[in-house]
Each structure stands twice: as C-alpha cells, then as structure tokens.
Number of protein chains: 2
Amino acid sequence: MDEAMADLPQVLQRLWGIEAPARPGPKPAFQLSDIGRAAIKLADAGGLAAVSMSKVAAELGFTTMSLYRYIDAKDDLYVVMLDQAFGEAPGSPPGEDWRSRITAWAEAFRDGLRRHPWILQVPVTEPPLSPNQLTWMESAMDAFDGTPLAPNERLSSMLLVNIYVRGTVQLAMGLLTRTPEEAAAADRLYNDRLRMLATEDRFPAIATITQQPIPEQLDVDFETEGFRDGLNTVLDGIQARIERAG
Amino acid sequence: MDEAMADLPQVLQRLWGIEAPARPGPKPAFQLSDIGRAAIKLADAGGLAAVSMSKVAAELGFTTMSLYRYIDAKDDLYVVMLDQAFGEAPGSPPGEDWRSRITAWAEAFRDGLRRHPWILQVPVTEPPLSPNQLTWMESAMDAFDGTPLAPNERLSSMLLVNIYVRGTVQLAMGLLTRTPEEAAAADRLYNDRLRMLATEDRFPAIATITQQPIPEQLDVDFETEGFRDGLNTVLDGIQARIERAG
DNA sequence: CAAGACTGTCTATGATGTAAACAGATAAGC
DNA sequence: GCTTATCTGTTTACATCATAGACAGTCTTG
C-alpha cells in the first residue's frame with residue numbers, strides 16, 4: 001500500500017495532509033488552500049473560463065510559475081477547487097427515514113452547485129478521491145442506513161440521485177450564471193425560435209409544447225416544486241428497488 | 001418572425017438549409033458538413049481536446065482562417081459537430097408501449113454517446129436548436145404518446161431520461177476513451193486508492209464497499225444490466241407519475 | 001463590361017499551459 | 001559552524017490556440 005500511496009497524485013497527497021518529513025529549502029510562501037480560494041473567487045465571478053494559471057497567481061500576488069510548485073498541472077487545480085468548494089458534507093440527521101435524508105443530501109448538493117455554478121463546467125476526468133468529496137459520498141451512503149439495499153445498490157442509488165441533481169441544475173441554470181431577467185429573456189427567445197423551427201408538420205410533439213401559453217414550460221423550475229418533483233420521481237424508482245429487495 | 005429568423009446564429013441558419021439568394025463572389029470550396037466530418041474524425045480519435053480550428057482546417061487542406069467564412073466562433077463548430085454526430089433520431093416503433101419505446105430511445109442515445117464520447121465533453125451553453133437534435137427531442141416526446149401525461153410532463157420526463165443516460169455514460173466511461181484493459185486497470189487502481197484513503201473509522205460506508213470482493217462494484221456496468229437497471233428505476237418513477245395523472 | 005460582394009489567404013496579436021535554467025534560502029550532516 | 005543538497009519563487013522561452021484585419025483573386029448582377 002505504500003507503493004499505491006507514493007503513486008498518488010501530488011495534489012491528493014497534499015489534500016490528505018500527507019507531509020514529507022522536514023527538508024532543507026525555503027518555506028513555502030503560501031498553501032494549497034490559498035490557491036483554491038483565489039481560483040474559486042475568480043470562478044465564482046467569471047465562470048471557469050476566468051480561471052487561468054496566471055490570473056490565479058496574480059490574485060495571490062505571485063508569478064504564474066510559482067503555482068507549479070504546488071500543483072503539477074491545471075487539472076490538479078480543478079481538484080483543489082472542487083474539494084474546497086464543496087467543503088465537508090453535512091451529516092444526515094439520524095432520526096429521519098431514508099427518503100428525507102437523501103432529499104436533504106440532494107438539496108445540499110444542489111445548493112452547492114448553485115453557489116458555484118462553474119463546478120458543472122469542470123471536465124470530469126477521474127472519480128472522486130479528495131477528502132471532502134469522500135465525505136459527501138459517505139454521507140449519501142449513510143442515508144440508506146436501515147434499508148435492505150446491498151452496499152453496491154446503495155452506491156448506484158446514490159449515483160442516480162447525484163446524476164439527477166447535476167443534470168437538473170445544469171439544465172435549469174442554462175449553465176451560465178445569469179440574472180433572472182436575462183434568464184427569462186433567454187427563455188422567451190428560445191421558445192420563439194423553437195416555434196419558428198419546429199414546425200407542426202415535422203415536429204408535432206415539440207410544436208404542441210411551444211404553443212402552450214405557460215411561460216416556463218421548458219424550465220425545470222428547480223427552486224421550488226420542479227426539483228422536488230423530479231427528485232421524487234427518481235426516489236419513487238429507488239423505493240420500488242427497496243421494496244423488491246426487502 | 002422574420003426578425004427572429006435573421007437573429008438566428010449563422011450556423012443554425014446554414015444547418016436548417018436557409019440559403020441567402022445567389023450572390024456574387026467565388027463559390028465556397030467546401031461545406032459545413034465537411035467541417036463537421038473533419039472535426040468529428042479528430043474528436044473520435046483524440047477527444048475534444050484534439051479539435052482545434054487549425055487541425056480541422058489542416059484536415060480539410062485549407063487555412064485556419066478559412067473556417068471562419070463558415071463559422072463565427074469555435075462554439076459554432078461544436079454545434080455542427082453535435083448535430084452531425086447524432087444524426088437523425090430513429091423513429092420509435094408505434095406498436096409498443098411507452099416503456100419499451102423510451103427504453104429504445106435511451107439505448108439509441110447511449111449508443112450515440114458511446115460512439116462519440118467527446119460529446120460529453122462539449123460544454124453545454126445553449127438548449128438544442130439544430131435540426132437533428134430536434135428530431136431526437138421529438139422522437140422522445142413521441143414515446144409518451146398514449147399516456148395521460150401533459151406535454152410539459154412529457155418534456156420533463158424526457159429530460160429525466162436524458163439526464164440519466166448522459167450521467168450514466170459519463171460515469172461508466174470514466175469520460176475518457178479507453179481500451180477495456182485500461183478501464184479495468186483504472187478501476188482496480190481506484191479501488192485500491194479508495195481502500196487506502198477511506199479508512200473504516202472515518203468512512204465506514206465507503207469502506208464497506210471497497211471490502212467487497214466483487215470486481216466492478218463501482219462501475220455502473222451500462223453495457224448490459226446496470227444501464228437497464230438504473231433506467232428501469234427512473235422509469236418506475238415516471239410510471240408512478242403516469243398513474244398519478246391517469 | 002463594370003462594380004461590388006464574396007472567396008480563401010496572410011499576417012498579426014494577445015492568451016494560454018508548461019518546460020528549463022536560475023539565484024537565493026534553509027535545514028541536515030559533518 | 002560550515003558545507004552541501006535541496007527546496008523556494010522567478011525569469012525566460014516556446015508551442016498552441018482563437019480570432020481580428022487587410023489583401024488579392026473570383027464570380028454574379030446591373
């Protein structure tokens with residue numbers, strides 16, 4: 001296991017607090033968390049595209065290349081950002097049933113995504129291994145305590161919810177941070193264009209939708225009902241799975 | 001509606017075959033579809049990162065800047081690629097019930113994503129408006145014909161399935177095109193690392209999983225059972241929604 | 001036949017991610 | 001305490017990228 005430990009990407013080692021024993025040389029001028037904070041600040045303000053090595057370094061008051069003493073490549077920067085942005089997962093209340101527990105988890109996850117919309121722009125290249133991400137994973141698994149689901153069934157159920165939240169938020173935000181007015185305008189424009197292009201002869205089903213007078217048909221209104229509605233649909237499916245297992 | 005037509009991004013106008021009446025000047029040396037084909041070839045081979053304006057142009061035997069006579073910006077290239085990669089949606093067999101129809105749709109969608117894994121790397125900035133993408137949308141809506149679902153309920157049900165397929169494939173592929181052996185090795189490595197980091201004291205639920213002897217617990221094995229299993233879970237939820245509506 | 005519009009090309013610019021070589025700082029070993 | 005190895009942040013450099021602007025050739029319309 002020492003070998004596997006050594007093979008761990010440098011960032012993960014640092015995130016897990018694995019320190020090499022004291023060595024000669026100057027002391028580091030800052031820390032991984034400083035890099036994360038600066039990068040998150042940029043991303044919150046201008047999306048993931050606003051995050052570049054040079055801008056993060058400038059934010060810290062150092063040279064671009066100084067970052068490479070802490071991080072091997074830009075992908076590692078994303079790892080740090082993700083871990084820090086999520087923070088530690090909220091523990092699930094032990095008294096409740098699995099449904100309200102996993103609902104609470106999903107909503108906390110959703111809120112995290114809404115606070116940091118750029119998370120959905122981060123290219124996913126590897127499965128989660130950073131400390132805080134694992135706490136989220138653990139917390140979701142805990143939610144299924146007391147159900148007859150086997151461990152891997154719990155895992156795949158969690159993935160289902162995870163996927164649902166990500167997908168929903170992604171669709172509902174139009175992916176880009178926008179003011180409510182901009183979002184509404186974009187919605188109207190999209191509806192107009194759909195109505196123009198999806199003609200009734202070739203796209204009857206789509207045409208039916210665009211002809212509905214309801215303003216936000218196309219938005220999964222995740223703030224309030226829409227999110228819970230869809231989530232409940234997913235949970236209904238999981239419930240069926242639970243009943244089959246019990 | 002003419003105004004909305006004129007405001008349409010140039011690419012969409014071309015994709016929909018809206019031609020300006022014949023004008024002076026030399027005839028174009030190639031077509032949008034040529035650009036799409038070249039770009040898709042590059043992306044299939046080396047992922048979305050392998051697609052650059054210059055490489056696409058080189059593939060066609062022209063200069064980088066020539067592409068900008070057909071495309072306003074790189075995002076438009078993605079639009080062309082997506083539309084062309086998906087192709088026209090397969091029509092759903094009219095005899096079947098909604099469940100098998102939407103299942104067929106989901107599997108066709110999944111197969112498309114597997115053929116062109118880079119699709120999941122394309123940043124989603126706008127809702128679908130290109131011709132072929134609308135046929136996929138239409139085809140999914142058709143699958144709910146005969147159910148008591150209202151149009152917007154059909155739409156949100158489709159989004160649920162859409163989200164599920166995207167999410168599943170993304171997780172199962174590790175997002176990067178790999179050979180089966182590489183994927184298995186990556187899986188084992190991940191499991192080892194998880195076991196090392198997610199210690200039983202801090203992460204009991206995760207630890208339980210890693211201790212299971214099953215080789216591919218963490219893979220949603222979407223080739224065969226896993227995909228249909230998860231999909232059925234989602235469809236069970238939609239079924240509950242249908243029964244509530246009927 | 002003339003004029004104007006459109007073609008692909010050339011050149012140029014500012015970002016970007018990262019490799020390599022460097023001078024100063026510091027702790028371990030004599 | 002001094003040397004030496006090693007770490008620090010910096011500087012310089014380079015390849016690649018998306019895209020703007022000016023240009024000369026080509027073709028259709030008047």
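**Around the DNA**

Modeller: DNA strand C has 25 residues around it, and the closest are A:P24, A:S52, B:P24, B:G25 and B:M65. This is a predicted model, in which local features need pLDDT of at least 70, side-chain atom pairs count only at pLDDT 80 or more, and totals for chains, interfaces and linings use all residues. Residues are numbered from 1 along each chain as its sequence is written, with chains lettered from A and ligands numbered from 1 in the order in which they are written.

Biologist: What makes a residue near a strand?

Modeller: Its C-beta atom, placed from the backbone, must lie within 6 Å of the strand. For DNA strand D, 25 residues are around it, and A:G25, A:A29, A:T63, A:M65 and B:P24 come nearest.

Biologist: Which helix gives the largest share of the surface near DNA strand C?

Modeller: Helix α4 (residues 53-60) of chain A, with three residues. Near DNA strand D, the largest share is again three residues, from helix α4 (residues 53-60) of chain B. Helices are DSSP runs of H or I with at least four residues, strands are runs of E with at least two, and both are numbered from the N terminus.

Biologist: How do the residues near DNA strand C divide by class?

Modeller: Into 13 nonpolar, seven polar and five charged. Ala, Val, Leu, Ile, Met, Phe, Trp, Tyr, Cys and Pro count as nonpolar; Asp, Glu, Lys and Arg as charged; the others, Gly among them, as polar. The surface near DNA strand D has 13 nonpolar, seven polar and five charged residues.

**Two chains**

Biologist: How many residues of chain B are in contact with chain A?

Modeller: 55 residues of chain B, in contact with 54 residues of chain A. Contact means C-beta atoms, placed from the backbone, within 7 Å.

Biologist: Which helix of chain B gives the most to that side?

Modeller: α8(B), with 13 residues. By class, the side of chain B that touches chain A has 35 nonpolar, 13 polar and seven charged residues.

Biologist: How do you know that the copies meet through the same surface?

Modeller: 98% of the interface residues of chain B are also interface residues in chain A, so the surface is the same.

**Inside**

Biologist: Why is α8(A) called mostly covered?

Modeller: 17 of its 22 residues are buried. Buried means 20 or more other C-beta atoms within 10 Å of the residue's own; exposed means 12 or fewer; partly exposed is in between, with C-beta atoms placed from the backbone.

Biologist: Which residues touch the most other members of the largest nonpolar core?

Modeller: A:A39, A:M81, A:I206, B:A39, B:M81 and B:I206, out of 121 residues. Helix α8 (residues 151-172) of chain A gives this core its largest share, ten residues. A nonpolar core is a set of buried Ala, Val, Leu, Ile, Met, Phe, Trp, Tyr and Cys residues joined through C-beta atoms within 7 Å.

Methods. Contact = placed C-beta atoms within 7 Å.
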